[in-house]
Structures are given as C-alpha cells and as structure tokens.
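I opened the notebook to record what I looked up about aromatic rings. The entries follow in the order of my checks.

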Amino acid sequence: MKKIVLNIFLFFILSNCGFAPIYSKSDNQNFDIKLESILGDRLINNLIVSELSRNKNYQSEKKFFIDINTDYKKTIYSKDATGATASYELNVISNINIKYKNKIEKIIITEKFIMDKNDDSFNQNNYEQTIKRSFASSITQKILFKLNSIK
C-alpha cells in the first residue's frame, strides 16, 4: 500500500515539472507572415506554407512579406556495372525574398540528398515524398530562424 501511495505521489510531483520542447510552437511569435508569391515544386511549397502558417501571429506589428521559389531536381548520381541507375541525387534550391520595412532580404537555401534506387517504384516514390517533406521542414526552420533574427 505504501508503494502505491508513494508512486502516485511521485507521479504527480514529477509530471508537473514544466518541461516544454524547445522547437514546439510557441505563443510568443512576434511576427506576421504574408505570402505574396509561391513558385516551384508544389508539394514542397505546400508543406512550407502550412508550416509557416502555424507560426503566424496576426496581432503582431512585425509583418513580413515573403516570396518563395523552389527548384527541385532529381538527377542520376551513379550507375551500376550494367549501366542501370543505382542512385539518385535529390536537390532543392529555394530562393526566398523577405520584405520588411522597405528592405528586401534574399536567402538561398540548398538541400541535397542521395537516394538509392529501389526496385519497387511505389516504395521509391513514398521514400522520395518523405525526403521532400524533410526538405520542406528544414527550409521552414531556416526561414523562421532568419525571421527571428531580423530586427
């Protein structure tokens, strides 16, 4: 009986320690994001837009106007002895223009990944979509970092 009471007591004490993940969405975002033009790869851009829209604060006085242009390329990286493709190189180049108080900040973000070819095209397409999602997440984090550093 004492062990049960002690475990319950420890559970309540330790569960309210105030832990919060560092990169979780915080309510103290001090900027508003307006997307003006979005060009390039549809999936990557949609993921970037949805992640940026989660980090908006509409009541903020800091308003950023952003243009996004992403260029996605899938090229053959290596071939095997028979001449068939063995791996691909996936490249994303994002040109981002940030307008704030009559200033334009240009950012170029490049992401690369080498993907081995899979015999099953369905699995390979799913894996490529997963890589695109990670590219979009990385690009979004870099954009948010840049927005937080602009004064």
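How many aromatic pairs does a search of the whole structure find? I found three; rings of Phe, Tyr and Trp (its six-membered ring) pair if their centres lie within 6.5 Å, with planes under 30 degrees apart counted as stacked, over 60 as edge-to-face and the rest as tilted.

I noted that this is a predicted model, in which local features need pLDDT of at least 70, side-chain atom pairs count only at pLDDT 80 or more, and totals for chains, interfaces and linings use all residues. Residues are numbered from 1 along each chain as its sequence is written, and side-chain values use heavy atoms, with hydrogens and water left out.

I looked up Phe31 and Phe64: their ring centres are 5.8 Å apart and their planes stand at 75°, so this pair is edge-to-face. Phe31 is in the loop between helix H1 (2-15) and strand S1 (32-40), and Phe64 is in strand S2 (residues 63-79), 33 residues apart. Helices (H or I, at least four residues) and strands (E, at least two) are DSSP runs, numbered from the N terminus.

I then checked Phe64 with Tyr100, a tilted pair with 4.7 Å centre to centre and 35° between the planes. Tyr100 lies in strand S3 (residues 85-100) and Phe64 in strand S2, so the pair ties together parts 36 residues apart in sequence.

Are Phe31 and Phe64 buried or exposed? I recorded both as buried (under 20% relative accessible area; exposed is over 50%, partly exposed in between; 1.4 Å probe, protein chains only). Tyr100, at 10% relative accessibility, also counts as buried.

I concluded that ring pairs link Phe31, Phe64 and Tyr100 into a cluster.
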